[in-house]
Amino acid sequence: MAGFSFSFSLVCAVLLGAFLVSAKPMLRKERVLRDPELSSRQAHEDNKSYQYDHEAFLGKDDAKTFDQLTPEESRDRLSKIVDRIDGDADGYITTDELNAWIKRVQKRYVYENVAKVWADYDLNKDDKISWDEYKQATYGYYLANPEEFEDATDKFSFKKMLPRDERRFKAADLNGDLAADREEFTSFLHPEEFEHMKSIVVLETLEDIDNNGDGHVDEDEYIADMFAHEDGGPEPDWVRTEREQFSDFRDLNKDGKMDQDEIRQWIMPQDYDHAQAEARHLVYESDQDKDQKLTKQEIIDNWNMFVGSQATNYGEDLTRNHDEL
């Protein structure tokens with residue numbers, strides 16, 4: 001995992017449904033390793049930050065190589081998207097309008113992701129996915145051939161992931177019938193988007209990082225989750241910065257480790273809206289006359305920040321029909 005602190009968060013997404021029926025479950029999550037007040041400047045000084053702008057603005061799962069579009073085509077299609085963002089059609093894009101658009105893109109991504117994999121799991125086509133259907137689709141080979149996995153002892157083995165998925169499925173199954181409708185299955189695949197699933201996200205994060213099994217995350221475990229010290233050399237500067245952040249901002253009660261409440265504050269800071277932060281960033285970077293709103297021309301003039309650059313391949317929404325946006 002890179003050592004950058006990013007400007008907006010996609011908390012802990014475990015997109016199990018992105019796998020084909022015969023594939024293994026996802027083994028690892030991304031963490032929220034950034035606080036806007038600490039590191040948004042660093043993130044956006046790096047060209048790679050364009051990637052996060054593009055994902056927020058256009059939607060990650062719509063990724064397509066930017067080179068497929070000429071600059072002229074990109075500007076033309078971006079112009080049409082700007083018309084959609086301008087909700088009151090006054091010719092200006094405000095932070096609130098951009099914030100609403102980014103949230104719409106993110107929500108669309110979540111539900112499109114579920115729609116893509118639904119048929120892989122709804123084996124009996126009753127428009128529900130039972131726990132048994134999901135278990136068979138995801139773990140069927142393991143269940144039929146357990147002897148092949150007897151030597152697997154790591155925490156992400158099939159043997160350990162199966163009960164973990166069952167726990168998550170039951171948390172998503174609000175009516176307790178062990179059959180998920182589309183909303184319940186969406187909360188299972190994307191628990192970070194649902195309030196009643198956030199405790200599961202916290203618990204799974206703890207389990208992923210807690211290597212010694214003491215129910216807490218100490219500083220070394222926190223660092224080990226993002227940095228493998230393989231060559232024995234000195235730690236990079238960003239790792240030293242993360243150690244300082246652990247001490248100053250993660251370990252709130254100063255006992256040398258994070259409990260579940262501190263982990264929640266880390267990965268889901270209550271006072272931080274990542275869509276709002278990204279909208280403010282895009283307005284700030286593109287607002288040439290500093291009137292705190294954007295004209296279409298200001299966006300077009302800064303089109304690479306919104307839709308593409310050499311640092312990223314994102315920009316798929318420019319190839320979509322506009323009635324799909």
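**Reading the labels on this model**

Visitor: Why is Lys-296 called partly exposed?
Guide: Lys-296 has a relative accessibility of 28%. Buried means under 20% relative accessible area and exposed means over 50%, with partly exposed in between (1.4 Å probe, protein chains only). The 28% of Lys-296 falls in that middle band, so partly exposed it is.

Visitor: Anything to keep in mind before we go on?
Guide: This is a predicted model, where local features need pLDDT of at least 70 and side-chain atom pairs need 80 or more, while totals for chains, interfaces and linings use all residues. Numbering starts from 1 along each chain as its sequence is written, and side-chain values use heavy atoms, with hydrogens and water left out.

Visitor: What makes Asp-83 and Lys-296 a salt bridge?
Guide: The rule asks for a side-chain nitrogen of Lys or Arg within 4 Å of a carboxyl oxygen of Asp or Glu. Here the closest N and O atoms are 2.8 Å apart, so the pair passes. The partners come from distant parts of the chain: Asp-83 sits in helix α3 (residues 71-85) and Lys-296 in helix α13 (residues 296-301), 213 residues apart. Helices are DSSP runs of H or I with at least four residues, numbered from the N terminus. Asp-83, at 46%, is partly exposed too.

Visitor: What makes Asn-113 and His-190 a polar contact?
Guide: Their side chains are joined at 2.9 Å. A polar contact is a pair of N or O atoms within 3.5 Å; within protein, one must be able to donate a hydrogen and the other to accept it, and residues adjacent in sequence count only if both atoms are side-chain atoms. Asn-113 lies in helix α4 (residues 95-121) and, at 5% relative accessibility, is buried.

Visitor: How many aromatic pairs are there, and why is Phe-169 with Phe-188 called edge-to-face?
Guide: A search of the whole structure finds 17 aromatic pairs. The rings of Phe-169 and Phe-188 have centres 5.5 Å apart and planes at 65°, so the pair is edge-to-face. Rings of Phe, Tyr and Trp (its six-membered ring) pair if their centres lie within 6.5 Å; planes under 30 degrees apart count as stacked, over 60 as edge-to-face and the rest as tilted. Phe-169 is buried at 1%, and Phe-188 is buried at 0%.

Visitor: Why is Tyr-222 with Phe-246 called tilted?
Guide: Tyr-222 and Phe-246 are 5.2 Å centre to centre, with 50° between the planes. Tyr-222 lies in helix α9 and Phe-246 in helix α10, so the pair ties together parts that are 24 residues apart in sequence. Both Tyr-222 and Phe-246 are buried.

Conventions
Helix = DSSP H or I, 4+ residues; strand = E, 2+ residues; numbered from the N terminus.
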